Amino acid sequence: EKKSHSTNPSKRKTSSKKHSLSGKSPKPELDILGPVAMDNLYYISHNAADCLAFRGFGLSGSPKKKGKKG
């Protein structure tokens, strides 16, 4: 007698996400010093320290900002 190897449907792992690599193109590298990025930085920064902090050059010895309590 041959036993059939049937899998239990309740124990099957199914993936709900389908990955399609053929339709996607790689993301272009962003230029943080480009004109669009600098224009955005101008409007969101309040001073030179904010500008540097937004670009990842924060001061290491500066105190951390705390959220508002309320």
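The legends below describe close-up views of a predicted model.

**View 1. Overall fold and surface of the predicted model.** The protein contains two helices and zero strands. Of its 70 residues, 7% count as buried. The accessible surface of the protein amounts to about 8,000 Å², and carbon and sulfur atoms account for 57% of that area.

**View 2. The aromatic pair of Tyr42 and Tyr43.** One aromatic pair is found when the whole structure is searched. Its members are Tyr42 and Tyr43, whose arrangement is edge-to-face. The rings lie 5.1 Å apart, centre to centre, with 80 degrees between the planes. The pair counts as edge-to-face because the angle between the planes of Tyr42 and Tyr43, 80 degrees, is over 60. Tyr42 and Tyr43 are both exposed.

**View 3. A nonpolar patch on the surface.** The patch is formed by Tyr42, Tyr43, Ile44 and Phe54. Together these residues have about 510 Å² of accessible area. Helix H1, which spans residues 35–44, supplies the largest share of the patch, namely three residues. Tyr42 and Tyr43, which also form the edge-to-face pair, are thus shown here as patch members.

View 4. The relative accessibility of Ile44 is 37%. Tyr42 and Tyr43, in contrast, are exposed.

Technical notes. Residues are numbered from 1 along each chain as its sequence is written. This is a predicted model: local features need pLDDT of at least 70, side-chain atom pairs count only at pLDDT 80 or more; totals for chains, interfaces and linings use all residues. Side-chain values use heavy atoms; hydrogens and water are left out. Rings of Phe, Tyr and Trp (its six-membered ring) pair if their centres lie within 6.5 Å; planes under 30 degrees apart count as stacked, over 60 as edge-to-face and the rest as tilted. Buried means under 20% relative accessible area, exposed over 50%, partly exposed in between (1.4 Å probe, protein chains only). Patches are made of residues with over 30% relative accessible area and no salt bridge: like charges are joined within 9 Å, nonpolar side chains (Val, Leu, Ile, Met, Phe, Trp, Tyr) within 5 Å. Accessible areas come from the Shrake-Rupley method with a 1.4 Å probe; for residues, only the protein chains shown count as cover. A salt bridge is a side-chain nitrogen of Lys or Arg within 4 Å of a carboxyl oxygen of Asp or Glu. Helices (H or I, at least four residues) and strands (E, at least two) are DSSP runs, numbered from the N terminus.
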